[in-house]
Amino acid sequence: MSETVTISTLSANETFGAYVARPANTPKAAILVIQEIFGVNAGIRRKCDKLAEEGYLAVAPDLFWRLEPGVELDPDVEPEFQRALDLMGKFNQDQGIRDIEATIHHIRGEEAVPKVGCVGYCLGGRLAYMTAARTDVDASVGYYGVGIDGLLDEKHAIAHPLMLHIPTEDGFVDKDTQKAMHAGLDDHPRVTLHDYAGLDHGFATEFGKRRSDEAAQLADRRSAEFFAKHLG
């Protein structure tokens with residue numbers, strides 16, 4: 001079962017929407033799904049639906065709501081891809097993390113699900129790292145997160161498990177950035193990095209030409225095992 005719910009900001013003076021997919025039975029835990037730069041589109045909603053099928057409450061907050069509520073873009077349509085890049089440039093990531101924290105509070109309070117993980121893609125992969133460092137989320141997974149090398153000074157604040165999936169031929173994350181991520185995080189006791197040789201950005205998308213089935217299935221299986229272990 002799926003629906004759109006309203007979540008209060010941390011200040012409680014504004015609200016934003018979120019797509020929610022519910023499992024058939026009592027959720028074993030919740031997973032917050034963090035969007036790419038394309039909004040809460042069909043691919044992100046499908047991620048939520050699949051997690052609900054696995055027994056999780058899945059929640060995808062509309063993080064672009066301050067720019068334009070309800071953005072849904074297709075990365076395979078060039079004008080929409082360019083619009084997504086423009087939105088990312090305008091997006092306040094620090095505010096986005098506060099909205100993610102508000103979503104965690106909503107899940108634990110309104111939904112009464114105490115254990116909360118998060119998984120993010122692209123921009124969401126970066127935000128998953130930031131969520132691990134800045135909130136009390138129980139476990140985090142990031143797929144092809146961008147610019148994480150610039151956030152390594154926050155790694156000391158990562159108190160709960162974090163897994164990052166890194167395609168080695170990512171057009172948005174160059175080799176030097178990948179090396180910096182490994183140098184900064186390989187010895188972190190709560191962080192696990194997985195490389196995917198020859199793969200590009202977006203390989204685990206649900207729809208479209210970016211997807212690589214074999215690699216996506218491997219990464220998703222690792223994520224599923226990670227959440228099963230850390231969300232209990």
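A nonpolar core is taken here as a set of buried Ala, Val, Leu, Ile, Met, Phe, Trp, Tyr and Cys residues joined through side-chain atoms within 4.5 Å. In this predicted model, the largest such core holds 81 residues, and the members that touch the most others are Val 119, Leu 127, Tyr 129 and Phe 227. Helix α4 gives the most to this core, contributing seven residues.

Setting aside residues up to four places away in sequence, Leu 127 touches Ile 34, Leu 63, Phe 91, Gln 93, Ile 97 and Ile 100.

The packing of α3 against α4 comes next. Helix α3 spans residues 93–109 and helix α4 residues 123–134; their axes lie 10 Å apart at an angle of about 65°. Angles of 65 to 115 degrees count as roughly perpendicular, and α3 and α4 are therefore roughly perpendicular to each other. Their crossing is right-handed. On the α3 side, Gln 93, Asp 94, Ile 97, Ile 100 and Ile 104 take part, meeting Leu 123, Arg 126, Leu 127, Met 130, Thr 131 and Arg 134 of α4. By residue class, this contact comprises six nonpolar, two polar and three charged residues.

With a relative accessibility of 27%, Glu 80 counts as partly exposed. Beyond its neighbours within four places in sequence, Glu 80 contacts Glu 72, Leu 73 and Asp 74. The C-alpha atom of Glu 80 is also 8.2 Å from that of Phe 38, a residue 42 positions away along the chain.

Note on methods. Residues are numbered from 1 along each chain as its sequence is written. This is a predicted model: local features need pLDDT of at least 70, side-chain atom pairs count only at pLDDT 80 or more; totals for chains, interfaces and linings use all residues. Side-chain values use heavy atoms; hydrogens and water are left out. Axes are lines fitted to C-alpha atoms, for helices over the stretch in contact, and angles run from 0 to 180 degrees between N-to-C directions. Helices (H or I, at least four residues) and strands (E, at least two) are DSSP runs, numbered from the N terminus. Angles under 35 degrees count as roughly parallel, over 145 as roughly antiparallel, 65 to 115 as roughly perpendicular and the rest as oblique. A crossing is left-handed if the near helix is turned anticlockwise from the far one by less than a right angle, and right-handed if clockwise. Contact means heavy atoms within 4.5 Å. Ala, Val, Leu, Ile, Met, Phe, Trp, Tyr, Cys and Pro count as nonpolar, Asp, Glu, Lys and Arg as charged, and the others, Gly among them, as polar. Buried means under 20% relative accessible area, exposed over 50%, partly exposed in between (1.4 Å probe, protein chains only).
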